[in-house]
Amino acid sequence: MLAIHGGSRVRDVPFAPRITMGEAERRAVAEVMESDVLSAYLGGPGDGFLGGPRVREFEERWAAAFGYRHAITTNSWSTGLMTCIGSLALEPGDEMICPPYTMSATATAALFYGVVPVFADVEPETFGLDPASVEKAVTDRTRAIMVVHLFGTPAKMTALLDIARRHDLRVIEDAAQAPLATYDGRPVGGQGDLGGFSLNYHKHIHTGEGGVIVTDDDDLALRCQLIRNHGENIVESHGVEDLANTIGSNYRLTELQAAIGIEQLKRLPGILDARQQLADHLASALAGRPGLDPLVVPPGRRSAYYGFPIRYDEHETGIPRSAFVDAVNAELPPPETADQIALSGGYTRPLYLNPAFQQRVAIGSGGWPFSESQLPDDAYAAGTCPTAEDLYERGLVYTMLAREPLDPSDVDDFVRAVDKVLEHADDLNR
Ligand SMILES: *Cc1c(COP(=O)(O)O)cnc(C)c1O
């Protein structure tokens, strides 16, 4: 009998918790504490403009590990996204094309600079921007494309960069879920103009909160540094003449966080290898189940496997998605943290369905910056991105169990739970 109907579970022993901080991080933090200098930034001209020794060392190591000229840390990736968009000096009312199937900050970061998101659909295979949909979304107000590498799998960069080149658009990459994922052998993040990564607690590696921008462009790097740290006080000493968006804020990472980040970065290649192994194991263990299509990473790309997505077809399994998700989870030990949830459905509601876009209210109550734009009335209508809506409503489940510190036998228990539920499909439909 299914556990959800009172039968015994496939597994009772809790999954091992994810432990992220070790002795190296504790020692690094203690050293900063002993120095008493928890941040060495100064919001004016001089040496402190770029932060203290650990912030700089972390940025140098990050740039080297990812193969970009510049790495610029921020206090979150949401503020990192704002910084990236600000650095491009777009005008209020300009349009940025992005996917709706992503974390909300991907799109809302633009609104702070008056730039309005226009949503293009995602591909059903990898959940990245669909180049054909992007092409259709281009107008004479389009200035940028925001690419998202969802669940750690690189989007179709060659085709997207080609569209950008033909229409003279800037390209930002939201690689929050894809650190060291590669496309054509190169880490994603700065393959367009600039982009970056999140260091929040849930990401592959973290500093509690934090973000890192990468770019090969010296001018954009400086503009990001200005926005991060009160650029208005620095522009003259740096001889910056184009003042657009150089007023800054305080998006600075502390020395404590940078010290942790230096140690975390050393762990990243091992984390990717562990996830790759578990993902390969899961994909082959799940092969052949009707109605369940595990992610297949296209040739030439390496995923960072933020989560492991599985396409779901309720007509083939014979079980509505929410009943399937609940029944599989009931077969496994109750999660103690969000990272231990065996199966989830849908990921996130397409962003244009959120109230900010439906009502076009973002900054102030008068509709700015939508009021500056020439968006058609139906720009955010339901049905705008059918693939994203279908994935959200029906077509996708994902698991967080293909992650370190779990091992292949944990993944096997997940697959046993899935098989048990599939075998008892009739019980769920009574
Ligand atoms: C986590 C995440 C963000 C936001 O990062 P924070 O560091 O939490 O601000 C943005 N985009 C995507 C795709 C993310 O996964």
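The sulfur of Cys 224 has its closest cysteine sulfur in Cys 84, and at 5.1 Å that is too far for a bond. As a reminder, a disulfide is a covalent bond between the sulfur atoms of two cysteines. The cut-off used here is a pair of cysteine sulfur atoms within 2.5 Å. A search of the whole structure turns up zero disulfides. This is a predicted model, where local features need pLDDT of at least 70 and side-chain atom pairs count only at pLDDT 80 or more, while totals for chains, interfaces and linings use all residues. Residues are numbered from 1 along each chain as its sequence is written, and side-chain values use heavy atoms, with hydrogens and water left out.

What about exposure? Cys 84 is buried, with a relative accessible area of 0%, and Cys 224 counts as buried at 0% too. Buried means under 20% relative accessible area, exposed means over 50%, and partly exposed is in between (1.4 Å probe, protein chains only).

Now for the rings. The structure holds 17 aromatic pairs. Rings of Phe, Tyr and Trp (its six-membered ring) pair if their centres lie within 6.5 Å; planes under 30 degrees apart count as stacked, over 60 as edge-to-face and the rest as tilted. One of the pairs joins Phe 127 and Phe 151, whose centres are 6.0 Å apart with planes at 85 degrees, so this pair is edge-to-face. Phe 127 sits in the loop between β3 (116-119) and α5 (131-137), and Phe 151 in the loop between β4 (142-148) and α6 (157-167), so the pair ties together parts that are 24 residues apart in sequence. Helices (H or I, at least four residues) and strands (E, at least two) are DSSP runs, numbered from the N terminus. Phe 127 is buried at 3% relative accessible area, and Phe 151 is buried at 1%.

Phe 151 also pairs with Tyr 398: their ring centres are 5.3 Å apart and their planes at 45 degrees, so the pair is tilted. Tyr 398 belongs to strand β14 (residues 396-399), so this pair ties together parts 247 residues apart in sequence. Ring pairs link Tyr 101, Phe 127, Phe 151, Tyr 347 and Tyr 398 into a cluster.

Finally, some rings have a charge over them, meaning that NZ of Lys or CZ of Arg is within 6 Å of the ring centre and within 35 degrees of the ring normal. The charged end of Arg 18 sits over the ring of Tyr 201, 5.0 Å from its centre. Arg 403 has its charged end over the ring of Tyr 306, 5.3 Å from the ring centre.
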